[in-house]
Amino acid sequence: MYFDDLEIGMTVEISPTVIEKEKMVDFARMYDNIPLHTDEEYAKSSPFGQLIAPGVMSFVSVWAKYLEVDFFGRELLAGKSTKIEWLKPVFAEDVLAGKATITNLVKRNAKNGLVEITIEAYNQNGELVLTNITEAIVKRRQI
């Protein structure tokens, strides 16, 4: 979708994704190898009482589902920035789903605009576990 077709407040639902334990631990070993994500005995003694998913993995799991309903498609030129805030721990076998909302639009020039998307992800208990604000550069219609 072109920048010119977007409106603040447009929302898409993000389908559920399961945080599978084996994938969670494999991801942690590769990219966030700390005991809270990889050592069950250590995690039992933590305030969480069990392993928690790496925050980035939780986000990219939701992001992958967002891309299935992506606002932009081929009109996306580039990502500009992203800010993730983790609000609650995510555990193995949690189910995350949510919504993405266009929260800001800025015309940059005749060729593109800057779109801000806010993602809210909830676990299976309806608890907000993370938010994300991503800015993307999107093509404008050429007249």
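Start on the surface: select V56, V60 and W86, which make up a nonpolar patch with about 260 Å² of accessible area together. Patches take residues with over 30% relative accessible area and no salt bridge, joining nonpolar side chains (Val, Leu, Ile, Met, Phe, Trp, Tyr) within 5 Å and like charges within 9 Å. The areas are Shrake-Rupley values with a 1.4 Å probe, and for residues only the protein chains shown count as cover.

Before you click on, note that this is a predicted model, where local features need pLDDT of at least 70, side-chain atom pairs count only at pLDDT 80 or more, and totals for chains, interfaces and linings use all residues. Residues are numbered from 1 along each chain as its sequence is written, and side-chain values use heavy atoms, with hydrogens and water left out.

Stay on V60 for a moment. V60 sits in helix α4 (residues 55-66) and is partly exposed, at 36% relative accessible area. Here buried means under 20%, exposed over 50%, and partly exposed in between (1.4 Å probe, protein chains only). Helices (H or I, at least four residues) and strands (E, at least two) are DSSP runs, numbered from the N terminus.

Next, go inside. Select Y66, F71, F72, A100, V115 and I117: of the 29 residues in the largest nonpolar core, these touch the most other members. Elements giving two or more residues to this core are β1 (11-18), α1 (21-31), α4, β3, β4 and β5. A core like this is a set of buried Ala, Val, Leu, Ile, Met, Phe, Trp, Tyr and Cys residues joined through side-chain atoms within 4.5 Å.

On to the charges. There are eight salt bridges, each a side-chain nitrogen of Lys or Arg within 4 Å of a carboxyl oxygen of Asp or Glu.

- Select K80 and E135: their closest N and O atoms are 3.3 Å apart. K80 lies in strand β2 (residues 76-86) and E135 in strand β5 (residues 128-139), so the pair ties together parts 55 residues apart in sequence.
- Select K99 and E120: here the closest N and O atoms are 3.8 Å apart. K99 is in strand β3 (residues 95-107) and E120 in strand β4 (residues 112-122), 21 residues apart.
- Finish on E20 and K23, a salt bridge at 3.8 Å, N to O. E20 is partly exposed at 36%, while K23 counts as exposed at 52%.
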